[in-house]
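Please examine the structure shown below. The explanation that follows leads through selected parts of it in turn.

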Amino acid sequence: MQRDGLAPTRAPLRPPQLSRPSRPARPVRRGPSGRVQPVAYLYLLPAFAFFAVFAVAPLVHAFKLSFYEWNGITDQVWVGLDNYVTVFTDPHVRAALWNSVILIVFYAVLPICVALVIVGLMARVRIRGRTAFRAVLFVPTILPLTVVAVAWRWVYAPDGPLNFGLDLIGLDFVSRAWLGDFTFALPSMGMVGTWVTFGLVFVLFAAGVQKIPSQLYESARIDGANMVREFFAVTLPALRGEITVALILTVTAALRNFDLVFVMTRGGPGTNTEVPSMFIYRSVFQIRSIGLGAAIGVILMLELLAVNLAVLWYRRRGDLSA
Amino acid sequence: MRSRSLPRVVRILTVILAFMLISAACSGDDDDATAGPVVLDVLAEAGDEATLELATAQFTEMYPHVSFNITLRAFDDYMQIAPGILSSDDPPDIAHGNQGYTIDGLLVQGGLILPLDDYAAQYGWVDAFGDGTLDQYRFTEDGTDFGNGILWGINGVAEFVGVYYNKEKLAALGGLPATFEEFDALLAAAKDAGEVPIQLGNAEGWPALHVYGMVEAAYRPAAEIRDWVFGEPGATVVTDTERQAAAKFEEWRDNGYFPEGVNGIAYDDSVANFIAGEGVFMIAGNWNTATLDEGMGANAGYFAMPVGPSGIVGGTAALALPWHITTSAEDPDLAAEFINLLVSEEFADDLASVGRVAARSSDTEIEGLLAEVTAGAAAVIADEGVTLYADWATPTMFDTLTSKTQELLGGQIDGEQFLNDVQSDWDAANG
């Protein structure tokens, strides 16, 4: 790359240290001895009781049920790991787990990449009416997902607006019944996920960019960084916290996706848009094998936990090496 | 004058008399107060709202001390919550079930519903509906053998799949088909004329099943199909005739007899498309009658599918969701009396007035499309052509069939593979 010779010695650009918030003081009240007073736990009790009743207890119950065969009415029968064996040997469930991984690309990776590009541009280019722009992009995030699904089912319908638009510009060979197509059903559904999560991700990043001190950009520019270099040296490192939050939220949304699939395709055509949560629904409410549904639920939870821990671990490692 | 007027007067008088006698008996004694106000709790699928409105009004007229507490839920919702409500501390007296293992089998296994054999004998249900027709409501006492044993429920509404047709379009192609071959020829003629031969939307997966069921019925005797659905000993899904049916369905697919993008068209949209004039035929359930009547008027016609060279008719058909009496019903006899009203021949007229097709012959003068639909159902019953719904066969069959019909129509699998997949589901449950 051609560079001017005005600044012959250049320190490598480092991630901006200013952007990282200092750790807040620990809100734990300590007694004279320096130990936590037992009464402190009392204040946690109401919240913990709520958490225990509505989160921990159902989780433990579901875990227990996953070792039983139960139709919801007659006696529960202990079957050990049978339900788990069924889950891992059923090719449909494996396909559903794989589909959920593909959906992560649409729900998390794609919106984060696009949002980063736009945010990077915004650092250089003034966009008029940025607030209005941001508000409009955020709307999909606050819409109920069933509403989103019904709307998009119409958009993708054989005589829907998407095909109408394609026909209009002479791309009639592209138009098809999107949600009934064995190749395009999953990507079509995934794009809806992108549309939904993009607003949230973008607003997160836009807010993150605003807190980057403008001196950093100025010094980067004085150092002769072009737009791309500025993005990788200043913007991206400063947004690491936001990216972590965005990843956790969107990956969770991708893996537990139910509303969109249920309303748009019910897993079809064939089993092409099948996702784990549809199997939970089917196992429990259609086949009435509640233990099997619980087993898939436990596996889905572990999958979520693993992905989120990986994200957090990566973030922490990044912090240490910085 | 309607024929039921006299018995109703008699019944009302009987009730009044009984009421007087009992109140006289109770006046000096603290006997059980059977004549006090009674509330019948009914849990029902929402499609029966209008039916129940009529029936409860008539019943309250006969039994003034009886009132109703009706809870309605839409189909999907209903099937999710009904077993839970029936096994709760506060179950209704009367509730809908659903044929097959996942609801009725479960209710029987859980001891949640009462056997109805005595009532069937008392009210003459078996004679009225035909011997085999009620088998879909039978389970053995342990709830594991479907189609045999005790009668647990009943409904008098026929939910039959038949062939709706666009009268103008068919008139341009030929007359009503008397055999399946003629029907097949009409499809080819329709295609040549640039029409969509069969309107279908298979986004849900089950609509195509109703079409396949018709082809199946054309190649295989109805009794043989019922046997595999019920999982009778010696029955099996795949036979040579079943293969012929699958090959014929595949041929329809390859000939382009269904709309383009059929797997992406929602069922309701396909009905709307048919009303809008897209499609010569639509093979669908008779519950669409009111919608088509309203949308197409005199241009909509209906016939039962001729399933063989001899001209007999048949195909995918069954009676509606069974009415059950729960084990905790306070007065099972009263509940049975109400159910009998629902399935009675007299009530058949009222069923027609709310757009439903009665399985029992009715002498009412109904007109238009509903008359053709009712005649079609009667013809199928007369020819013993009812082949039930294939998805009842195993708990997982609904999922298997819905996804496999989509794969078959989408060209992902051929007819042979379709049958093998259905067979392996069936083997897993019946092997």
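**A sheet and its surroundings**

In this predicted model, strand β1 (residues 38–45) of chain B pairs with strand β3 (residues 94–96) of chain B in the parallel sense, over two bridges. Within this pairing, B:L43 has B:A95 of β3(B) as its bridge partner. In general, the strands of a sheet pair through backbone hydrogen bonds, and they do so either parallel or antiparallel.

Both strands belong to an open sheet of four strands in chain B, with the order β2-β1-β3-β10 and mixed pairing. Strands β2 (66–73) and β10 (323–325) of chain B stand at the edges; each has a single partner strand, and therefore one side of each is left without a neighbour in the sheet. From one strand to the next, the twist averages 20°. Helix α14 (residues 332–343) of chain B lies across β1, β2, β3 and β10 of chain B, and runs at about 170° to β10(B).

Another helix of chain B deserves attention. Which residues of helix α10 (residues 222–230) of chain B are buried? They are B:A222, B:I225, B:W228, B:V229 and B:F230. An α-helix has 3.6 residues a turn, so residues three or four places apart point the same way. The cover over the buried residues of α10(B) includes α9 (207–219) and α18 (415–430) of chain B. After α10(B) comes B:G231, which has a positive phi, near 65°.

Chain A may now be considered as a whole. It contains 13 helices and two strands. Of the 322 residues in chain A, 33% are buried. Among contacts in chain A between residues at least 6 apart in sequence, 73% join residues at least 24 apart.

Terms used: Residues are numbered from 1 along each chain as its sequence is written. Chains are lettered from A and ligands numbered from 1 in the order in which they are written. This is a predicted model: local features need pLDDT of at least 70, side-chain atom pairs count only at pLDDT 80 or more; totals for chains, interfaces and linings use all residues. A residue is buried if 20 or more other C-beta atoms lie within 10 Å of its own, exposed if 12 or fewer, and partly exposed in between; C-beta atoms are placed from the backbone. Two residues are in contact if their C-beta atoms, placed from the backbone, lie within 7 Å. Two strands pair if DSSP finds at least two bridges between them. Axes are lines fitted to C-alpha atoms, for helices over the stretch in contact, and angles run from 0 to 180 degrees between N-to-C directions.
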